[in-house]
Amino acid sequence: MPSVQKPMRYGHTEGHTDVCFDDTGSCIVTCGGDGDVRIWANLDDDDPKSINVGEKAYSCALKNGKLITAVSNNTVQIHTFPEGVPDGILTRFTTNANHVIFNSDGSKVAAGSSDFMVKVVEVTDSSKQKTFRGHDAPVLSLSFDPKDVYLASASCDGSVRVWKIADQTCTTSWPLLQKCNDVINAKSICRLGWQPGSGELLAIPVDKIVKLYKRETWESQFDLSDTFITLPLNVVTWSPCGHYLAAGSVDGSIVVWNVETQECIERMKHEKNYTICGLAWHPKYKHIAYTDTEGNLGLLENIGDGRKADDKVASEVTKDYDGLFDGDDDDDDYLNGDMIEPQSSPKAGANEDDDDDLMPTSGPLRRAVIDDDDNSLDIGVIKASSSLLEKEDDDDDDDQTGGFPALPPSSTQQPFYDGPMPTPKQRPFQSGSTPAHLMHRFMVWNSVGIIRCYNDEQDNAIDIEFHDTSIHHATHLPNSLNHTMADLSAEAVLLACESTQELASKLHCIHFSSWDTNKEWTVDMPKDEDIEAICLGQGWAACATSALLVRVFTVGGVQREIFSFPGPVVSMAGHGEQLMIIYHRGTGFDGDQCLGVQLMELGKKKKQILHGDPLSLTKKSYLVWVGFSAEGMKCLHEQEGRVSSCARGGLGNTWIPVCNTREHCKGKSDHYWVVGVHENPQQLRCIPCKGARFPPTLPRPAVAILPFKLPYCQVTTEKGQMEEQYWRSVVLHNHVDYLSKNGYELDENVKSQSVKEQQELLMKLFALSCKLEREYRCVELADLMTQNVVNLAIKYASRSRRLNLAQRLSEMAVEKASELATAPEDEEEEEDFRKHLNAGYSHPATVWSRLPVRNVQQNQEVEDAEEADACEEAEETPEVHKQRPNPFSKSVTSAEVTTPKSAVIASSSQGRVNPFKVASNKKDPVVPSANVLDTMTKYSKKTSLSGSRAVNKQSTPVIKPLIPKPKSKQASAASFFQVRTPNSSEKTVEEREEKAGNEPHEVQIAPQENTENRRPKTGFQMWLEEHRANILTDNPGLNEAEVIKEGMSRFRLLSSEERMVWTEKAKGGTGGAVNGLAEDKKRKRPAADEEEVKKNQEEKLEASNLSKKPKPSDQSANARLSAFAFKPS
């Protein structure tokens, strides 16, 4: 009688399910994730007895009228059987037990737990316990030696151990399994088994084979395998006689071997390919009960009873096959015996037979594939007819040892494909929803609200809750049509249900924002057309159907566009006028999905943005969420944790990974469930799920906020961090232009703030590259900067004595200025687009003809700083008779926007001027110039405050530090008497100069400041400047006042002649340091004092003009940039 696979039936809720027979085999006992133990008289029992043992039951064992269960309260309980009366707690763990078993006589129970411990307990006296410690991860499974000498255990730490029960020691250990941190992450639960009776062999499922180890020697005897097994084995079990071994895999395959002959006698496939997690052999008959991870129970009867008929066919056929091989002994052995089922042996390796259910035994014999052993044969396809063999005798001579006969194709040959396997296509899903089979589930959770569905014995209803109750109040709806899909917007609720035998698939909309009284409408789909995905936008609703059609409706119920798409839909999303459709472009291979995306705008100007472009996913991943950010950016979340967004600017519609939720998960079984994305602020809103991929409806889950982080290299370094921050800011601030284009009113501060942040990061990277002497990198960074920040970089490069870099940057500044000068010509071509774009701004928009607000503010700030500084850095150049352009001037002025003035650079014959200064004349023409540094003049070192800087004695230009000018008497002390070190003295002065120049109140006290600036230095000031370092060396920790006080006391100790020398030096106006005296004599210029007076007069005039200028509202960012750029290294 051939084997029979009976239809499976529902036993428990989804989750791990265990199964066993009672001692006589009169009933089947199962336990599952619902916490119930069910006793089935047979598979057709429609009313099994149910015993509730806890919230969840992980494992059960039955012997001698005692039912042992491992439940979720971390205990191992005992019940009477079949009454189900609780009989106490056998033992406890700190976490739940994963497997419980009886020994052969039922006197002991072994239990393995997730707290890494194994316990053996006497059933009659639970106080007699033995604990086995040694595993480094949760215990997966256990098996008692039939002789009660040994106990085998498998663990998530990858090891299988054999313990000696008497002294609780580990006899041997094999590293056979893949390591993981929890049972839920294990590829296999590795239910191992000891051979009944003698206990000679221990069977361990390892990947796709079963390894058998011999008792006492603990050496591997042989492996059992079959090419019918394509995924790892999960569980093995021995027949009571010990002659047969059955194994179940994670893809639903069940294989039975005859252990003595090492041949496969049975193959069976789960009807839905669910993971086999429980196997039990009937104590009397050749029946196997099995369970899967979805809670179903099945039965396989009459195992191996159909073998004799197969043997007869095989014996008749093998006589005609003697000449097919070259006389190999292995081949002869292979052909002797049962040939219908390929033989499995340690020599021949794993052999496979095609599915028995699909191949009749009287037809052509199936192909045997031997792939485990390098020296084995593949005999190709064995023909059942001798006439076919006679036709192929000529080809037999070409056979080689270790090869296979070159059989020509024939109508009886079975095709054998050994290439990449196609990937099952991902089913349609609604973003923000939990699986539809749950009784309590989320139908959608998005940025507007939450829709829950309850489908239990008490109620079948839908609850709608809004995050902002001002949109609408919470609503409770009956779910009489059994809606399974939902979407929610600020205008409407969209529901859909699948078709039934009586009813068509329906689309139901509740337009709660409507001003009329009829707020609901329903549309029936045509016959045999099911809705598979739905979404809502601004003023429209859409659904994708099984007929590969997208149907668009107005939110009031008017049918709009209908169009087809190329493949089965995966998901849809809507935002504003945008509709995004994800679908299957084709069949993926090796676990990869082959998805495409279409994006279209359904507004007044309808257009398609993405035309079925391939969707980028990580390898062997699938989608779990698709949608838009609150600002309208396309986003998706993959099962592997990567969140990607489709960038609007830059390289166009490219997908950029912006976050990886796996980096924030504490355990491998933890996940994040995305509910929303925001670009401003940069946030990923999601729900942490402990040990699951989706949250339960109760208790209400809490929303966590994860930051965005682009996967740039070396983000642990300062350079990598700033690069990641800069490009993240660039990618995630493109929404401003998009929203303005679509008519949204925006605060311009948002744009200016993002530009401000980006330019600060670029300037920091520039300074870091300067310190690392990466000048080419500096130029690359400057190319990304705005005009004003380039000029700031030029100043930084000049003061860092990198004149070549400063020269190149100045050329770049001229190029940028010329580009801005030609911008008005391009404006005319873009006029219509600019008008459309500016429609969403709340002020007159001149953004296309001028720099961003950030640049206008920096322009004014740089001007203030330079006028306050009276900068003395310059180069000797020929007279310049042409006026220089102002790189920051606007060609279009507006009364509502602060407008910087056009710059006029006077010729060098009129005296030295500031190359970055913006003059007050608005009507001055813009004339290009060759170099920003051209108007700098070389000054003697006598006019420099610091004498410690090395002087280049050749004729190359030397940029001198600025002379600080006190703002008051107290400020004077703070400016002149700063802590100085040989390496950072100049930078300290420069930094304070820049900070002082960028303060808004500088202009208001400019007259008093200029009055004090004309005072000559005193002899004491010059003496203190020279001896300041010695004072601080002798007295570390002094503040400014104490340094001055100590300096005065030391100055008084000098002789009158020495004090007179210092006084005379001060009156001479050299302004140099003592150690630079010799060089001062060589390079002294008689006209230095006159030029100093002339320069102060010019500064006074500039300061008076500056005080009349409108001040920009925000100068703090430029002040911070300047402070950073010139701070001591």
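## Exercises on a predicted model

**Exercise 1.** Which residues of H10 are buried, and where do they lie around the helix axis?

*Solution.* Start with the list: Leu805, Ala806, Leu809, Ser810, Met812, Ala813, Lys816 and Ala817 are the buried residues of H10. Next, look down the axis of H10: these buried residues fall within an arc of 165°, so they line one face of the helix. Finally, see what that face meets: the buried residues of H10 pack against helix H7 (748-771), helix H8 (775-782) and helix H9 (787-799). Keep in mind that this model is predicted.

**Exercise 2.** What span should the 19 residues of helix H10 have at 1.5 Å a residue?

*Solution.* Take one less than the number of residues and multiply by 1.5 Å. For H10 (residues 803-821) this gives 27 Å, and the end C-alpha atoms are 27 Å apart, which agrees.

**Exercise 3.** Are Arg267 and Asp226 buried or exposed, and which parts does their salt bridge tie together?

*Solution.* First find the pair: the side chains of Arg267 and Asp226 form a salt bridge, with 2.8 Å from N to O. Then place both partners: Arg267 lies in strand E26 (residues 263-269), while Asp226 sits in the loop between strand E22 (220-225) and strand E23 (233-238), so the pair ties together parts that are 41 residues apart in sequence. Now apply the cut-off: buried means under 20% relative accessible area. Arg267 has 2%, so this residue is buried, and Asp226, at 2%, also counts as buried.

Technical notes: Residues numbered from 1 in each chain as written. Predicted model: local features only at pLDDT ≥ 70, side-chain atom pairs only at ≥ 80, totals over all residues. Heavy atoms only, no water. Helix = DSSP H or I, 4+ residues; strand = E, 2+ residues; numbered from the N terminus. Buried < 20%, exposed > 50% of the residue type's maximum accessible area, 1.4 Å probe, protein only. Arc of directions from axis to C-beta. Contact = heavy atoms within 4.5 Å. Salt bridge = Lys/Arg side-chain N within 4 Å of Asp/Glu carboxyl O.
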